[in-house]
Amino acid sequence: MNRISKYPFLWLAILLVTCASCGEDRSGEYVALTQKDRWIEQQMQNIYLWYYDMPKISEENYFAEPEEFYKRLLSTKCRNGQGDHFSTFESTEPESAGTSNSFHIDETSSYGFDFMIYSDPTGSTVHRMARVLFVLPNSPAAEAGLKRGDWVTKVGGFNITENNYGYLMQGGATTLSIASLNATVENEEIVLSWGEESMLNIGASRQVSSSPFYKVATFNNYPGKNIGYLMYDHYSPGLTDNSTEYNEEMKQIFSNFKSQGVNEFILDLRYNPGGVMDCITELCSMLAPVEQLGQPLYSLQYNDKNTDRNHTSILNAGLAAQNLGLNTLYVITSPYTASASETTIYCLRPYMDVKVIGSTTVGKNVASIGLVSPYNFTLHPIVATVYNSKNESDYEGGIHPDYYYNEFSSVAPLGEIGNPNSDALLSYTIQWILNGSLNLPTEEASTAAFRSSPRELSPLFTTLDYKRVRGNRIVE
């Protein structure tokens with residue numbers, strides 16, 4: 001490859017400059033071709049937490065597409081060599097939004113369920129199978145009768161493959177084939193097989209708005225224990241980042257818990273990817289010991305160019321009427337518990353005993369901000385590190401559970417979320433509250449067993465990955 005074909009935009013830049021020197025001013029064309037990328041670089045040099053670690057940029061890089069250029073700027077050395085996997089780019093080009101074959105979760109168009117893709121657990125086919133994790137109320141999926149734990153074997157009459165599972169995310173009205181996964185014991189081994197298929201008709205994908213309070217319940221049939229339960233789906237103050245409908249709903253939920261005499265509490269964050277950081281303070285102010293209200297909860301520390309932005313969030317004494325007066329909190333987690341969810345756990349620990357059951361969390365101890373460009377895209381760079389009241393922030397490797405249980409790898413059926421008779425993680429947590437301990441393996445032992453057991457499942461893809469970019473969002 002010759003140098004001209006390898007760097008066409010560089011030679012174009014040279015040509016424009018040459019023409020300018022010959023009396024024809026073509027500098028305006030050069031500016032037009034590079035202005036988007038130079039705007040990105042200017043923003044990142046100022047606000048990016050790891051600006052000092054951004055890779056060097058060559059002249060030809062300024063002609064790259066904005067998303068490609070942005071990704072080139074992200075640090076590969078930060079986070080103890082893990083690199084920056086959290087800064088994201090959002091295109092707002094009209095032609096890129098809401099297309100039926102874009103194969104991603106689009107908040108403007110969805111069937112309204114999350115799922116995981118697995119190879120056929122029975123080993124009888126080479127097809128993929130989708131396991132339903134989460135069905136939003138008032139969605140096409142809910143209206144079709146789809147339930148958590150269902151196995152989807154076909155979409156639109158076609159077997160699911162690695163090339164077409166995106167059609168489970170959004171599109172027109174279609175059909176889903178559902179089958180049960182049966183487990184029998186033969187010669188002391190578990191044998192998996194598929195039951196008879198049934199078919200569901202599902203309506204076209206559409207915008208599905210949902211409250212972050214997926215499940216609210218009180219379990220008061222245990223002697224001396226009145227257990228409150230909240231499945232919190234995402235940290236959102238309202239229908240928009242600047243409204244307060246959901247925060248007001250949260251206050252009412254906790255007022256009800258308090259009036260019911262709740263004295264133990266389970267916060268279910270297993271599918272919570274985070275969200276707006278102001279919601280952390282609201283939630284924690286109702287969970288922390290009441291005598292700690294008014295104390296620091298978390299602080300945000302920006303780079304050395306933006307120290308004036310550093311600030312500390314205080315547990316809100318104005319929420320004493322909704323505070324449950326707890327000293328212990330039980331939290332359910334998964335590998336998809338991230339950002340604001342982790343901040344809640346980590347920053348409450350200086351004040352109370354926060355017990356964790358589930359799986360190790362993501363390990364996102366940083367926060368991002370939205371930078372709206374004049375060019376139909378928004379940057380979401382990492383701009384600050386999150387610290388607790390002890391000025392600690394050592395959870396880059398995730399928050400490890402006290403008791404380990406990964407529902408994603410188990411062949412056991414997935415029961416209804418919030419039902420203690422069928423939701424394994426909730427059932428285990430209640431046993432922990434009642435008995436003070438559990439007979440569950442350690443994370444290390446469970447991982448070793450997974451590697452050697454044909455009874456465990458290994459997911460290939462999940463829609464939950466798309467939601468992790470919500471993260472710790474700073475709204476200014």
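A salt bridge here is a side-chain nitrogen of Lys or Arg within 4 Å of a carboxyl oxygen of Asp or Glu. The model is predicted, so local features need pLDDT of at least 70 and side-chain atom pairs count only at pLDDT 80 or more, while totals for chains, interfaces and linings use all residues. Residues are numbered from 1 along each chain as its sequence is written, and side-chain values use heavy atoms, with hydrogens and water left out.

View 1. For the cut-offs, buried means under 20% relative accessible area, exposed over 50%, and partly exposed in between (1.4 Å probe, protein chains only).

**View 2. R206 meets E143 in a salt bridge.** The N to O distance is 2.7 Å. R206 lies in the loop between β9 (198-202) and β10 (213-222) and E143 in helix α5 (residues 140-144), so the pair ties together parts that are 63 residues apart in sequence. E143 is exposed, at 55%, whereas R206 is partly exposed, at 33%.

**View 3. R270 belongs to a salt-bridge network.** Look for R270 in the loop between β12 (264-268) and β13 (274-276). Its relative accessible area is 0%, which makes R270 buried, and D268 is likewise buried at 0%. The side chain of R270 makes polar contacts with D268 at 2.7 Å and with D423 at 2.8 Å. A polar contact is a pair of N or O atoms within 3.5 Å; within protein, one must be able to donate a hydrogen and the other to accept it, and residues adjacent in sequence count only if both atoms are side-chain atoms. The network links R148, D268, R270, E407 and D423.

**View 4. L267 sits in the largest nonpolar core.** That core (buried Ala, Val, Leu, Ile, Met, Phe, Trp, Tyr and Cys residues joined through side-chain atoms within 4.5 Å) has 74 residues, and those with the most contacts inside it are Y232, F254, F265 and L267. Helix α7 (residues 278-287) supplies the largest share, 6 residues.

Terms used
Helix = DSSP H or I, 4+ residues; strand = E, 2+ residues; numbered from the N terminus.
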